[in-house]
Amino acid sequence: MLPLSSPPPGLPRLCFVSYRHIRELAMPVVAEYAQRARIEVVDATFGDALALAQDRVERGMADAFVSAGSNAAILRAGLQAPVATIHLGGFDLLQALIQARRIADRVGVVMYGQTIPELDDVKDLLNIGISQHAYRTPDDARLRFETLRREGYQVIVGSSLVVELAEQAGLRGLLAYSLASIRKGFDDALELARVARLEAGRYEQLHSVLHNLQEAVVAVDREDRIIAINPPMRQLLGKPDALLRGRPLGELEPALSLRATLASGRQERAIALRFGQRDWVVDRTLIREHGDIVGAALTLHDASAIQAADASLRILQRRQQHTARHTFSSLAGGSQAMRTAVASAHRYARTDLGVLITGESGVGKELFAQAIHNESRRAGRPFVAVNCASFPESLLESELFGYEEGAFTGSRRGGKCGLFEAAHTGTLFLDEIGDMPMPLQTRLLRVLQEREVMRLGATAPLPIDVRVVAATHQPLEALIEQGRFRRDLYYRLNILRLALPALRERREDIPVLILPMADRCLKRLGSSLDAAVALAPWMDALRRYHWPGNVRELENLAERIAVTLAQYADARDIPLDALAHDCPELFASGAGPTVERPLAQRVRAALDQAGGRRAEAARLLGVSRSTLWRWLAELEACADTAAEPSPPRSMAGPA
């Protein structure tokens, strides 16, 4: 961290959050702007950068921030303060590549965010080989860098973090930024700081309307003397306004005093407080004029009202969240079958074509879909997932395509945006596409062909830009022959096909998958057992098991195993039959190695144990409810064919 410069007072305050190489490049620019702003230079990356910047926001030490690459993205996402970005320009990168070409004819490029498709044209122009990579986290950056290093690249162009990795490895690293880009970032930061100061002045004037707020609010001066109070707070203190103004708040009610806030210059938000025989959530905020602390304000929020609002907000946010959490780093397993699937998915991510993901229930189809999205050019855009088997036909139609106001009885005022619209510029994941009703298949085909969607009750179509990734566990070719799936829709969806292996087809991955799952559960349960040691006696049995529920069933079983083993303090104390009762599927008769029981027997046992409740039976089996329903239908069909008696009542129980 560099000391503050000493410009004339009253200038905007900028915080330059950097990393060593870009900071060294930027120091001439910092000196140029020393008479235009008070500039603090802070070296930090990722989580540290956000924590340091947040501290300066809370202490009122910066009007705006300026940063580049990953730091800028993190600050913009995590700060309630203006952040100017030092953008990487095409000319900057071209200059770096020209410099790199003088050193080597093969250059690695590792940048934050996403790769740059236009570089493929530049490499031919410069007669240079370019291998591009993008990262999101420091570990991801190291992984991309190691890939280039193993491939023999001697020159790496990228961010400050990447240049440091190159230097540590004895390679040549070139920073892909210029002084012109840095100047532009500082100019943007100055403008943001100017606007922020204007907004702060307006905010300070709003304190005059405290009496219109429903929350209990009181404001004090530098000496903790009351200068403004609204009716709810006056009612809590139990005194008329004339007896409160000018009185020290700490003397009236020590629990409400703002002296500590004024002394520390630190704001406090969402602090629980018991006062007046009620529970409150307290905000202690500073009042500033031109950056100087002139007082503080205390706001008491009714805890019960906040709890109700929090529940409503979480429901609303959940509905509005359309993000993909998983990346290719989330995909565990080194088997040949898994490596082949991941390699195909990587190739598909670089295109914008539709993908059809096939595989049994529980193999991770949505996880692959999210990874493809996050490595595509649509990364950062919406990722919207819908299970076509979980909605009735009429509801699925309105969910997918939306509707206009008055389109049907009970429709929402103002209409509703469909999932195709919500996924605009991003990816729409249609899970269990084989269960989509035929009428909706026709509408879906038209959307895919015309790239436009028509809401229910609308008169004009709406253009959309959506990549569709579909998934199914069903054999669509057989459904086509049965007249249950449109052939033309199949060809629209099956442009790129990704077949995911069942868990039994990659048994060597089972230890890699189950040990971290069991270890996490053991830690949650407070156990110090080493998962690898504790599970060693049953690892062969786990490999031999048939895994009809695939990875979803594996997760289920890992939790059960951990709960069973957590009762033992030492792995040497675990008896060989410890899992016989809680994990019967691993044993033939309770005393031997794993022998897969017939499906019908397992389903009946689970339904009997669940009292006929299908949802509970599915949980016990480690599969989804739709998979259990499919198994029941298949078993009943087999029973009819063989003229066997009807299944027991438990198999036909309630869902």
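This is a predicted model: local features need pLDDT of at least 70, side-chain atom pairs count only at pLDDT 80 or more; totals for chains, interfaces and linings use all residues.
Two strands count as paired if DSSP finds at least two bridges between them.

**The chain as a whole**
- The protein chain has 655 residues, and 47% of them count as buried.
- Among contacts in the chain with a separation of 6 or more, 64% are between residues 24 or more positions apart.

**A hairpin: S11 and S12**
- Strand S11 covers residues 268–275 and strand S12 covers residues 278–289; the two pair in the antiparallel sense, with six bridges between them.
- Look for Phe 275, whose bridge partner in S12 is Arg 278.
- Two residues lie between S11 and S12 in this hairpin.
- Gly 276 sits in the turn and has a positive phi of about 60°.

**An open sheet: S2-S1-S3-S4**
- Strands of a sheet pair through backbone hydrogen bonds, either parallel or antiparallel.
- Here, four strands form an open sheet in the order S2-S1-S3-S4, and their pairing is parallel.
- Strand S2 (38–43) and strand S4 (83–86) each have a single partner strand, so these two stand at the edges, with one side of each left without a neighbour in the sheet.
- From one strand to the next, the twist averages 20°.
- Strand S3 (residues 64–68) runs parallel to S4 and is joined to it by four bridges.
- Within this pair, Phe 65 stands opposite Val 83 in S4.
- Helix H3 (residues 69–78) packs on the sheet, where it touches strand S1 (13–18), S3 and S4.
- The direction of H3 makes about 140° with that of S3.

**Two packed helices: H4 and H5**
- Helix H4 (residues 90–101) packs with helix H5 (residues 119–126) at an angle of about 40°, and their axes are 11 Å apart.
- H4 and H5 are therefore oblique to each other.
- The crossing in which H4 passes H5 is right-handed.
- On the H4 side, the contact is made by Leu 93, Leu 94, Leu 97, Ile 98 and Arg 101.
- H5 contributes Leu 119, Val 122 and Leu 126 to the contact.
- By type, the residues of this contact are seven nonpolar and one charged, with no polar ones.

How values were computed. Residues are numbered from 1 along each chain as its sequence is written. Side-chain values use heavy atoms; hydrogens and water are left out. Axes are lines fitted to C-alpha atoms, for helices over the stretch in contact, and angles run from 0 to 180 degrees between N-to-C directions. Angles under 35 degrees count as roughly parallel, over 145 as roughly antiparallel, 65 to 115 as roughly perpendicular and the rest as oblique. A crossing is left-handed if the near helix is turned anticlockwise from the far one by less than a right angle, and right-handed if clockwise. Contact means heavy atoms within 4.5 Å. Ala, Val, Leu, Ile, Met, Phe, Trp, Tyr, Cys and Pro count as nonpolar, Asp, Glu, Lys and Arg as charged, and the others, Gly among them, as polar. Buried means under 20% relative accessible area, exposed over 50%, partly exposed in between (1.4 Å probe, protein chains only).
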